[in-house]
Amino acid sequence: MHHTGTGSTARPSRRTVLAATAGLTAAATVSGTAHAAAQDKKPDDQRLHALISRMTLEEKVGQLFVMRVYGHSATAPDQADIDANLKELGVRTAAELIARYRVGGIIYFTWAHNTRDPRQIADLSNGIQQASLGQSRGLPVLISTDQEHGAVCRVGKPATLFPGAMAIGAGGSRTDARTLGRISGAELRALGIRQDYSPDADVNVNPANPVIGVRSFGADPQAAADLVAAEVRGYQAAGVAATAKHFPGHGDTAVDSHFGFPVITHSRELWEKLDAVPFRAAIRAGIDSVMTAHIQFPALDDSGDPATLSHPVLTGILRGELGYDGVVVTDSLGMQGVRTKYGDDRVPVLALKAGVDQLLNPPSIDVAFKAVLAAVREGELTEARLDESILRILRLKAKLGLLDRPYVSTDDVDRTVGTPRHLRAAARIAERTTTLLVNEGGLLPLSRRTHPRLLVVGADPASPSGTTGPPTGVLAAALTELGFTATALSTGTAPSDAAVAQAVRAAQDVDAVVVATYNVTASSGQKTLVDRLVGTGRPVVAVAVRNPYDIAVLPAVGSYLATYSWTDVELRAAARVITGQVRPRGKLPVPVQRADDPTQVLYPIGHGLTY
């Protein structure tokens, strides 16, 4: 593997590591438990209580926060990132953020420039640990990210990228889900990321869901539960904390909680039968963390508060009824769903009162930090309540080996991230997920003898990680590698009349057309494009690269595949299926309903053709 390491933090020598963790080792010796907590499945609480007893109130408050911070380096980010940090956080760098607020966690984002390439990510992680362990009574930082694979992915190529959850749902293999977790977990851990906000445990029963959709394993609660549990076991066997989200279940909403405040109208009984099932399975599998949802769920709490701020939901149901005693982390506190009813100064306090442990990414760390501090000083929150959450956070850090081995090595990065073996495993898993919905007249598989010249048109949505695609180009390149002559023509998610006309003209010169569709609606330019291409008389193969529901508004297409996401691994697998290198094996994990009458199911759960 070749990397261009841009991180400014050189890998700390063994000596600096020992010096930085000397305080921790001393603490361990004081409490008489110097054996490595990493090897100890149940970390010794005595050691952790000793650490907590020496923390100042400010340090305790800081330990509850997980923050974003701009920059590829903990100490020397680009000027634009320094400016963004000053504007949003009032500090220049990750190191300054840690020094000022003693945050217990940091979340990586692509848009914050945290994830350029593997060695840089490892350097950033080491720089963050060095900054924190260099403080008096400094503790290691729990670094997290949203690496769901598929549609939500922060670490891109050359790391191994897998199909997303709904694709895994179509594959239906618990072994594949566990393998995904094990390999992705090993790569994240090598980069210094030890908490993944994945898997999504929502049961997606609403085709109009704008925020979950293909991020869910499907609409069948037991099938989703089996895959959630398998992925959890995979991640956690690799030494990375998995996170089931978004409790108590974000699967049946037509509103995106990033921008609005969804209401889930399920009865308590339906919640038990549907939404609760994958979360119970995750808890049985020993899940390390659970993320809350910014949704109203009146059957569980009729106060009108979002679940993130609900004592009945988090303490009553999640902790009490479901018996969960691990870390509870909020969804991002910058999202509209949690900011609608209360101000940014009340939200973190109410979240803690509800039973939350980690406060993720508040809009202003200063406002949130001071609010929690004031709540303790004024008696609204007790210090003992903070200590409960800190104990859970430190137990997790100990379990993940952070108290003893906080740093990562570039050698491990090179040995682990994006290896040929990992990439082959992802490619094989993807081949088991591609779903053939329609194949009239046996058009597929396409043969080089009968259809040597192909045109690939359609939507080119932006890459989730900024490192894959564009889909039409990837499909065309994969088909060309397989011996066809394929040309790509990007027509976009909202093709203009001119783009449609250009595609129709180009179709005259080929033997078949492959069109990538992305969340097509009845009035969309994509529908016009597909209908006009079908009208040319050329054979048309459509590939739904996000929601599998596209076929409901495109009944004229004779051959339709679903890939459930548009990253390279899914698209290359689709090309191998289109050309008959592999047989389609995926089965729909959600029903596809008629566009004009959603009570009628066109293709049920489990539908999937082969050849």
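What follows is a short chat about the chain, its sheets, its spaces and its backbone.

Q: What should I know before we start?
A: This is a predicted model, where local features need pLDDT of at least 70, side-chain atom pairs count only at pLDDT 80 or more, and totals for chains, interfaces and linings use all residues. Residues are numbered from 1 along each chain as its sequence is written, and side-chain values use heavy atoms, with hydrogens and water left out.

Q: How many helices and strands does the chain have?
A: The chain has 23 helices and 16 strands. Both are DSSP runs numbered from the N terminus: helices are H or I with at least four residues, strands are E with at least two.

Q: How compact is it as a globule?
A: The radius of gyration is 25 Å, close to the 25 Å that the globule rule gives for 611 residues, so the chain is as compact as a globular protein of that length. The radius is taken over C-alpha atoms, and the rule is 2.2 Å times the number of residues to the power 0.38.

Q: What box do the C-alpha atoms fill?
A: Roughly 80 × 55 × 40 Å, taken along the principal axes.

Q: And how much of the chain is buried?
A: Buried residues make up 63% of the 611. Buried means under 20% relative accessible area, exposed over 50%, partly exposed in between, with a 1.4 Å probe and protein chains only.

Q: How is strand 6 bridged to strand 5?
A: By 3 bridges, with strand 6 covering residues 289–292. Ala244 has Val290 in strand 6 as its bridge partner.

Q: And to strand 7?
A: 3 bridges again, running parallel. Here Val290 partners Val328 in strand 7.

Q: Where do the strand 6 side chains point?
A: Ser289 and Met291 point one way, Val290 and Thr292 the other, and all are buried. In a regular strand, side chains alternate between the two faces of the sheet.

Q: What about the sheet with 6 strands?
A: It is open and mixed, in the order 9-14-13-12-10-11. Strand 9 (435–439) and strand 11 (485–490) are its edge strands, each pairing on one side only. Neighbouring strands are turned by 20 degrees on average, direction ignored.

Q: How do strands 13 and 14 pair?
A: Strand 13 (residues 540–544) and strand 14 are parallel over 4 bridges. Ala544 stands opposite Ala562 in strand 14.

Q: Switching to spaces. How big is the second largest pocket?
A: Its volume is about 600 Å³. 28 residues line that pocket, and the closest to its centre are Asp146, Val152, Arg154, Arg215 and His258.

Q: How do you define a pocket?
A: On a 1 Å grid over the protein atoms alone, a pocket is an open set of points with protein on both sides within 12 Å along at least five of seven lines; a cavity is a set where a 1.4 Å probe fits but cannot get out, and lining residues have an atom within 4 Å of a point. Points are joined across faces, edges and corners, and a volume is the space filled by probe spheres set on them.

Q: How many cavities of 30 Å³ or more?
A: The count is 5. The largest cavity holds about 80 Å³. Its lining includes Met55, Glu59, Arg102 and Lys397.

Q: Now the backbone. Where are the cis peptide bonds?
A: One joins Ser198 and Pro199, with omega about 10 degrees. Another joins Gly469 and Pro470, with omega about -5 degrees. Pro470 lies in the loop between strand 10 (453–458) and helix 20 (471–481).

Q: Is Tyr564, with its positive phi, buried or exposed?
A: Tyr564 is buried, at 1% relative accessible area. Its phi is about 70 degrees.

Methods. Pairing = 2+ DSSP bridges. Axes fitted to C-alpha atoms, helices over the stretch in contact; angles between N-to-C directions.
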